[in-house]
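Hi there,

Here is the structure I promised to pass on.

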Amino acid sequence: MIASVKSGLNKALLFSSLALVAACGHAPASSYQVAFATGERAEGSGRYAEAAHDFDEAARVAPNAREKSHAEVAAAQVLIRSGDKASGAAKLRAIANASPPSEHSGEAAYEIANLEISENDANGYVDLEKSMTRFPNEGLAHRALERLAAHIDETSGVPATIAWLEKIAPTFEQTELVQAVAYETAKRVESTGNLADARARYVAIAARWPYPHGAYWDNSLFRASAIDEKNGHFDDAIGLLEEMLRQRETASMLGSYERPMYEPAAWHIAEIYRDELHDSNKARAAFHRIYTEFTTSLKRDDALWEESKISRKQNDASSSCATLSTLVNHFADSRYVSCATAICSDISRPSKSKSPKECPNYIAKSFEMPLK
């Protein structure tokens, strides 16, 4: 009785809130929105059976097929959370097997397999592969592929996974998943120690699915570069990373977004020049590029610090202090500020700097010189 009263009060409060929103000039909530919001509220309070009922109501009054299947998936998931896995699974199967498939059929198929795997059902991984095959262009297909490959790695070994991936590749040739299949295969070939084959696969992925549509374009170039570096082919390694960054320069003019591997590529080019090729001038320029071109990077002060260290080792104290002056002027709260002022007598600490008052020993040691 008490639970029923609480439920009624919660719904009354929800309707009052929605009415207030409408009174303030916004469009009134639809019956679907009200039912779905009520279900979310019940779910958040742990009243799963009530939430499932509300989501079912939302599905009943849904204005279109998309919203209907969304509410149905929500109802199934909350039933599973409540412990009624049989009812939840039955709902998911109905959504997954809908003809024609709804926008959420792929998600439902994945969730069925996920539930079976969690219950140690022998059909779990079989159904996971079926979900991936039926809905290869869904986002969860990539997750299914990764889980299936990892499962075969664990149960049968990496060579078996490579064989499986190569077997299924033709099935996904005309789908978005084909790139992921090729990339997962290349990673495993690399893990076996066959670096030449792995490098060829990475380069082929980058060539076949280039920027901007290649989902694994930058990762493939980065991993191929790492193989070149491992083999001592440092110029080739830099060449692949520069190939990636050339696209960034073109993209930046068009206002494109940053790829995740752009900054690591630029940083590693500087490291290769410094540590492997021992080309101090190119290393300095490469670190300075991070400061000038990667204007949203959190490592711009780190790049200037590394640049100044190289200048100092070249006995170019003037350039080193000029770089540190830039660092202090542009990054007043950087951890390097106190170190810069301790190294160069003509650099003053900014009055509002929040950096440490003293240069940390680990940073001072990295500069390999006594402080003034």
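In this predicted model, α6 passes α8 in a left-handed crossing (left-handed if the near helix is turned anticlockwise from the far one by less than a right angle, right-handed if clockwise). The helices are DSSP runs of H or I with at least four residues, numbered from the N terminus.

The axes of α6 (residues 105-118) and α8 (residues 139-156) come within 10 Å and cross at roughly 30°; axes are lines fitted to C-alpha atoms over the stretch in contact, with angles from 0 to 180 degrees between N-to-C directions. The two helices are therefore roughly parallel to each other (angles under 35 degrees).

From α6, Glu 107, Tyr 110, Asn 114 and Ile 117 make the contact, and α8 brings Leu 140, Arg 143, Ala 144 and Arg 147 (contact means heavy atoms within 4.5 Å). Four of these residues are nonpolar, one is polar and three are charged.

Ten of the 14 residues of α6 are buried, so this helix is largely enclosed by the rest of the structure (buried means under 20% relative accessible area, with a 1.4 Å probe and protein chains only). Among the buried ones are Ala 109, Tyr 110, Ile 112 and Ile 117. Their cover includes α4 (65-82), α5 (85-96), α7 (124-134) and α8. After α6 comes Asn 120, with a positive phi near 60°.

Residues are numbered from 1 along each chain as its sequence is written. As the model is predicted, local features need pLDDT of at least 70 and side-chain atom pairs count only at pLDDT 80 or more, while totals for chains, interfaces and linings use all residues, and side-chain values use heavy atoms, leaving out hydrogens and water.

Best wishes

Technical notes
Parallel < 35°, antiparallel > 145°, perpendicular 65-115°, else oblique. Nonpolar A, V, L, I, M, F, W, Y, C, P; charged D, E, K, R; others polar. Buried < 20%, exposed > 50% of the residue type's maximum accessible area, 1.4 Å probe, protein only.
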